[in-house]
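Hi,

Here is the structure I promised to pass on.

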Amino acid sequence: MPTSRRTFAAAAVAALVLPLSACGSGNDDSGSSDASGKVEGDITFQTWNLKANFKPYFDGLIADFEKKYPGTHVKWIDQPAEGYADKISADAAGGTLPDVVNVSPDLVAPLAKAGLALDLDKAAAKYKKEYLAGAWASHQIPGMTGTYAFPWYLNTGPLFYNKSLFKQAGLDAGSPPRTYDELFADALQMAKKSDGKDATLANVPTIEDFGRYGVALMNKEGTAFTFNDSKGVQLLTKYKELYDAKALDPQALTATPESSGKKFLTEAVAMNPGSALDLGNFKKQAPNLYKNIGITDQITSTGHVNMYVMGVMVNSKTRHTPASVAFAHYVTDAEHQMSFAKKVAIFPSTAGSLDDPYFTKQDGTDETRVRIAAAKSLKTAVNYTPVLFSEQMKTALRNEVAKALQGKESPRSALDNAVKQCNTLLAQQG
């Protein structure tokens, strides 16, 4: 069941616009990996499109840091949303990346490969225990040793389901599917009972689904994609079965998170990922649906849901390594992550933070219902999307999946072709 990065970026973290980074402080090659010295000096902190909504928060955070460490000065630069990819490439090539950079795992990968990201397993290993294991691991790069950014905020979302449609299909509305095998069985039964009128799903499988299904997405060296193994073929074959039975919405091949949401809103599909914003929308626009809303975890056969994670990277070329590491840790420590989480719908990556009453105690509101469900699942969540899996690769996979569902290629051939295209693109990354 796909839950896209765009879904949560748009719905739960609308103001944050994933991912973040870039611009310059004129660093040279004199950087050091030793973070044990005195915390002092002028450093630059780069974010993307955060100042408009969170200026008081970051101004206060920076002021507190400078007060804690006299002799430091943090210059905060916030880039506009547009043109980020070209900007970060130019800064990386020109040696003008800031000292502390807000990144996502897929963005840190090329910087780490270029030697521009400080290895925190060496420079800041003492902080590792402060973070959820899955979050810390999310900024590790296949084929490389080390961790290249502090985990910052996380996001995920529960799965909504329509209890009424489940009941009409003779399914237990109090026991929604939790594994893919259960999902496929329930979806086929619903399609059969409704003569193909009620679909369970509105999206085709993405790379995250293959991960949640238990498919090995890459080899251990990080040099090749492997999601065309027997388990991957099995998953796509099942989706083909759903598509033929109309258990998968016929328009799934061209669906977007927005169009899938509308399908769920009009009760045309029985399950869809979402956020607290969606739940409030259902209450206003579809009160009958709202009365029958169920909330459950994402579908997984591994026992671990998918999470999206953002991080804070330290430029390996910074002239002030102790100050840069100290500030990156300060931004992402438990106290400040908790403070930020109460200003926007994100979740801390720090160990123990998700046990705070803010993430565990119900207060009767829709927002809290969803926040608690998501927080519970995040404790053991995994970032399934490979850090080396680019947008071009996502398009290649989606196109081949569509061919398989339409019967133009076998599931085996479609995944073989997708892997071949993705490996070619991977080789081009260097």
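Which residue in β3 does Gln 46 stand opposite? Gln 46 faces Val 101. (Strands, E, at least two residues, and helices, H or I, at least four, are DSSP runs numbered from the N terminus.)

Before the rest, a word on the basis: this is a predicted model, where local features need pLDDT of at least 70 and side-chain atom pairs pLDDT 80 or more, while totals for chains, interfaces and linings use all residues. Numbering starts from 1 along each chain as its sequence is written, and side-chain values use heavy atoms, without hydrogens and water.

Now the sheet. Five strands make an open, mixed sheet, in the order β2-β1-β3-β8-β4; strands pair if DSSP finds at least two bridges between them. β2 (72-79) and β4 (150-155) are the edge strands with a single partner each, so one side of each has no neighbour in the sheet. Strand β1 (residues 41-48) runs parallel to β3 (residues 100-103), and two bridges join them.

Asp 195 has a positive phi of about 55° and lies in the loop between α8 (180-193) and α9 (207-212). At 74% relative accessibility Asp 195 is exposed. Glu 267, with a positive phi of about 65°, belongs to the loop between α11 (257-265) and β6 (271-273). Glu 267 is partly exposed at 23%. (Buried is under 20% relative accessible area, exposed over 50%, partly exposed in between, with a 1.4 Å probe and protein chains only.)

Cheers
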